[in-house]
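This report describes a ligand site and the packing of aromatic rings in one protein model. Please keep the sequence and the structure at hand while reading.

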Amino acid sequence: MKQPYIIANWKMQLSLNESLSLFGEIDEVLPEKNKANVVICPSYTALAKINEINTRKKIKLGAQNVFWEEIGAYTGEISTKMLEEVDCKYVIIGHSDRRKYFKEDDDVVHHKLKTVLDSSLVPIVCVGEDFQQRQEGKKDYTIISQVTKAFSGIDFKGNEKVIIAYEPVWVIGSGQAINAEDAEYMHEIIKQTIIDLFGVGIFEKIFKIIYGGSINAKIVKTFLVQPNIDGVLVGGASLNADKFLEIIKEANDIY
Ligand code: PEP
């Protein structure tokens, strides 16, 4: 049975008080028998405070970014250890917002990934083609290249966990997802790229592939029933408790 990941990325959208009350609203209603793995990635300030009220631990916490060095004079950065201290379990790496506004490239993603794999955190590595790359017929090439550059040279022991989030960049925040079959095709490309790099055994033990880009409760099932879609990364719809809970309910209803 699939235990799909439903991961919320709150970006820089909420104040501390808004974050705490949204978390409370979601946590309160989340069923005890919840099959989905629910992860919320708030801002850093909210992360520490939410950890204090997250007594049920039904929701796991994630960060939206991390630095590749473990300690030192890196003004403005945050380390894996600092995230671990607030019981953070997941961290997003290489989100398209980071690639676009902070010029993070595949090399940066690779460095961060290596550091995260040396910690207890599970990396959520974002990849995705932009509209032009898709229009020019380069979507497969772009994804293979991003995945290969991020993962090449990583030495997996077999006990790690990695989530890859496929997020076609132009549909993020647009209200219009790609169709689920299209996403499934791209997930197969990602799966094959990882198998080519590390073999099928490592893929099956370590990797999950989730989809992100304008997911809502109406369409989430069409994605989660695809054989190679292990969950969803949700931006806009995770900022409203009812909408996010509805997505979780839809996911629970499938299995
Ligand atoms: C995202 O930013 O990762 C995302 C999936 O956003 P949205 O759901 O709003 O498209």
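## Asn9 and its surroundings

The side chain of Asn9 reaches the backbone nitrogen of Lys11 at 3.0 Å. A polar contact is a pair of N or O atoms within 3.5 Å; within protein, one atom must be able to donate a hydrogen and the other to accept it, and residues adjacent in sequence count only if both atoms are side-chain atoms. The model is predicted: local features need pLDDT of at least 70 and side-chain atom pairs count only at pLDDT 80 or more, while totals for chains, interfaces and linings use all residues. Residues are numbered from 1 along each chain as its sequence is written, and side-chain values use heavy atoms, with hydrogens and water left out.

Asn9 belongs to strand β1 (residues 5–9); strands (E, at least two residues) and helices (H or I, at least four) are DSSP runs, numbered from the N terminus. With a relative accessibility of 5%, Asn9 counts as buried (under 20% relative accessible area; over 50% is exposed and in between is partly exposed, with a 1.4 Å probe and protein chains only). Leaving aside residues up to four places away in sequence, Asn9 touches Cys41, Gln64, Ile92, His95, Leu233, Val234, Gly235 and Ser238 (heavy atoms within 4.5 Å).

## The ligand site

Around the ligand there are 13 residues, of which Lys11, His95, Glu167, Gly173 and Ser214 come nearest (a residue is near if one of its heavy atoms lies within 4 Å). By class, this shell has three nonpolar, eight polar and two charged residues; Gly is counted as polar. Backbone atoms approach oxygen atoms of the ligand as follows.

| Residue (backbone N or O atom) | Distance to a ligand oxygen atom |
|---|---|
| Gly173 | 2.7 Å |
| Ser214 | 2.7 Å |
| Gly235 | 2.8 Å |

The protein covers 95% of the 290 Å² of accessible area that the ligand has on its own (Shrake-Rupley method, 1.4 Å probe).

## Aromatic pairs

The structure holds 11 aromatic pairs (ring centres within 6.5 Å; planes under 30 degrees apart are stacked, over 60 edge-to-face and the rest tilted). The ring centres of Phe151 and Phe207 are 5.4 Å apart and their planes stand at 65 degrees, so this pair is edge-to-face. Phe151 lies in helix α7 (residues 139–151) and Phe207 in strand β7 (residues 207–212), so the pair links distant parts of the chain, 56 residues apart. Both Phe151 and Phe207 are buried. Phe198 and Phe207 are stacked, because their centres are 6.4 Å apart and their planes at 20 degrees. One aromatic cluster is formed by Phe151, Phe156, Phe198, Phe203 and Phe207.

Conventions:
Phe/Tyr/Trp six-rings, centres within 6.5 Å; stacked < 30°, edge-to-face > 60°.
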